[in-house]
Amino acid sequence: MKENVKEFIIDYIQREYTIPGDIDILTLNFVEEGYVDSLGLIQFVYTLEDEFNISFSENELKSPDIKIVGNLIRLVEAKMEA
Amino acid sequence: MRSRLASLFYENAQALPDKEAIWCDGQSVTYREMANLVSRYSNLLLSLGAAYGDHIAIPMNNSIESAALFFSAADLGVCVVPLNPSLPLEAIRAAMTAGDVKHVIARKAFFSECDKSGGLDIPGFAICLDQDYPNTFPFSKLSEMPAQRPELDYDITGSESLILTMTSGSTGTPKPIDISQDNKYDRCAAHIRVYRLTRQDRIIAATPLYHTLAERLVILPLILGASSVLLPRFTPAIWLKCVAEQKPTFTIAVSAQLAQILELLKKPDAPSITSFRTIVSSSALLEASVKYELIELLQCEFHEMYGASEVSTVTDICFQEARDKQNSVGKPFDEAKIKILRDESESDFDTECAPGEIGEIAVRTKLLCKGYYRQEAMMKAAMFHDYFRTGDLGYMDQDGYLYFSGRKKELIITGAVNVYPHDIDTVIARLPEVEECAAFSYPDDRLGEVVALAIVPKEDHEINLRALRTYCARNLADFQQPHKIFLVDRLPRNTMGKLQRTAILSYLREAGLDG
């Protein structure tokens, strides 16, 4: 299931553009780098809630951490285990 | 007879083989390499069975390959239907039906999403751009194709549709704006003349290629023999870094982008940008303070333009040259004439407003699109004789300068993207707990406007906001997502019962609901 979360998130971020191989995906800020724009972020978050049956708190949504691929993966995984 | 657009490009490739044709996302391609790419793309399409007049849909990203596709399409006389990749599948399917699409070029994510919901029903071929995917041809086959421009046994007259640009109609039906090869050429030629563009120019496109603006900014330099700088994705930081490195000399940017860029430019560690000769702001009026600060920081000619996808650019103003007309969007291009129509006047007489009087901006222009594809009635309804009704309100002054006053159409423009509120209403109204609803424009510092939604719940029903947002994420495109949701007990209507969409915000504020 964990692989599933990572794959789902990385696939989603690359829907429009492939992330170049020399970039460390886990530390990538996918909003600052334009892979998901600020309008798309809302949609992304609710898609994740729907896909993995989790919910994010308002504070989590406001935190800049949620825009870092690795942090987002860890957050979703932790919610699934909780 | 071959395509004029494609031939101009190939002539430049022959004359300037080693010159940079296009840069995108760290990759630079010379004219020779670009010509080879275009030819290979054409040969790939032909080998898969593309025929004259076929329509090819592509959920399009900004890439060198996307730019090449426009020239292959022109050369073969086929039509590209660029789609916003963030649209929900239902909207993409509707757009493909409206655009009479035969073939599809897309990324794996698109095909995979289609397969999860009933597959993709198209009569022609499918090409997968990024990976192998069942029942699609891999784009990687391109490298095996000959790099020679294919011979054709038919003529290209220029009247062929080159691009169908999808906008959503107010009824939710996609409205494909049909732009012919000649339209595209004439539009490029007009911009080359007005902005005195030459082969020395480096022209940056920073909006998505499924919009007419970026299409123009990529096709134009390649038929001129100049260089194109194509921003893969827009964030102010990516734009600034790209501009500092690639040193573009000209751009047409959307005003929401310029406002964001200015914020970054004012920071002490911002790079100094000195390469621009001219910047044109489009889409919505730029605040005067933003305009003056940009002029100060970028030290270049600063223009503002007014136009629409159906009519291309209509007016232009250079602020350094027309200091006493600072609130105007300028004078018409030579190709265009403007009439300001008095509201609700359908007669042939006395329909034009006097100078200073606000009415609907209507445009007669040689740059008018072919029409709305297979929706002649819709195009006819948009015309007043040979003038296209823009749905915008404005007035002319005594000197022939146009002033923009607002919109007649119910439209939300968020970061330069047009959002038709009715499309959102239709999706939300399907929910059983919703009595009625209305999407409306909400002011936003960064994007100009964002989408807000007012909902009247059904009696004895509760709206679960989280479930509602999930529903929106699934069924609406990213630019349609409501940023604010208000639950109300009624919507403002006039005495005839017609929804007063533009009055919703003041209604909410008076009721103390917008805190």
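Two residues are taken to be in contact if their C-beta atoms, placed from the backbone, lie within 7 Å. In chain B, residues 24 or more positions apart account for 64% of the contacts with a separation of 6 or more. This is a predicted model, in which local features need pLDDT of at least 70 and side-chain atom pairs count only at pLDDT 80 or more, while totals for chains, interfaces and linings use all residues. Residues are numbered from 1 along each chain as its sequence is written, and chains are lettered from A and ligands numbered from 1 in the order in which they are written.

Chain A comes to 4 helices and 0 strands, helices (H or I, at least four residues) and strands (E, at least two) being DSSP runs numbered from the N terminus. Its elements run α-α-α-α from the N terminus on. The radius of gyration of chain A, taken over C-alpha atoms, is 12 Å, close to the 12 Å that the globule rule (2.2 Å times the number of residues to the power 0.38) gives for 82 residues, so chain A is as compact as a globular protein of that length. Along the principal axes, the C-alpha trace of chain A spans about 35 × 25 × 20 Å. Of the 82 residues in chain A, 23% are buried; a residue is buried if 20 or more other C-beta atoms lie within 10 Å of its own, exposed if 12 or fewer, and partly exposed in between, with C-beta atoms placed from the backbone.

Helix α4 of chain A (residues 69-81) makes a handy example. Its 13 residues reach 19 Å from the first C-alpha to the last, close to the 18 Å expected at 1.5 Å a residue, where the expected span is 1.5 Å times one less than the number of residues. Val69(A), Leu72(A) and Val76(A) are the buried residues named in α4(A). Seen down the axis of α4(A), the buried residues fall within an arc of 65°, so they line one face of the helix; the arc is that of the directions from the helix axis to the C-beta atoms. Turned away from that buried side is a face with the exposed residues Ala78(A) and Glu81(A).

Where the two chains meet, 18 residues of chain A are in contact with 20 residues of chain B. Helix α2 (residues 38-52) of chain A gives the largest share of chain A's side, 8 residues. That side of chain A divides into 5 nonpolar, 6 polar and 7 charged residues. Here Ala, Val, Leu, Ile, Met, Phe, Trp, Tyr, Cys and Pro count as nonpolar, Asp, Glu, Lys and Arg as charged, and the others, Gly among them, as polar.

Chain B, for its part, has 14 helices and 27 strands. The radius of gyration of chain B is 23 Å, close to the 24 Å that the globule rule gives for 515 residues, so chain B is as compact as a globular protein of that length. Its C-alpha atoms fill a box of roughly 65 × 60 × 55 Å along the principal axes, and buried residues make up 49% of the 515 residues.

The largest nonpolar core holds 175 residues, and Ile56(B), Ala73(B), Val80(B) and Leu83(B) touch the most other members. Such a core is a set of buried Ala, Val, Leu, Ile, Met, Phe, Trp, Tyr and Cys residues joined through C-beta atoms within 7 Å. Leaving aside neighbours within four places in sequence, Leu83(B) has contacts that include Ala57(B), Ile92(B), Met166(B) and Tyr210(B).

In helix α10 (residues 288-298) of chain B, the buried residues are Lys291(B), Leu294(B) and Leu298(B). They fall within an arc of 65° seen down the axis of α10(B), so they line one face of the helix. These buried residues pack against α9 (255-265), β13 (278-282) and β14 (301-308) of chain B, whereas Ala288(B), Ser289(B) and Glu296(B) are exposed on the other side of α10(B).

Most residues other than glycine have a negative phi. Just after α10(B), though, Gln299(B) takes a positive phi of about 50°. Asp25(B), in the loop between β1 (20-24) and β2 (27-30) of chain B, also has a positive phi of about 50°.
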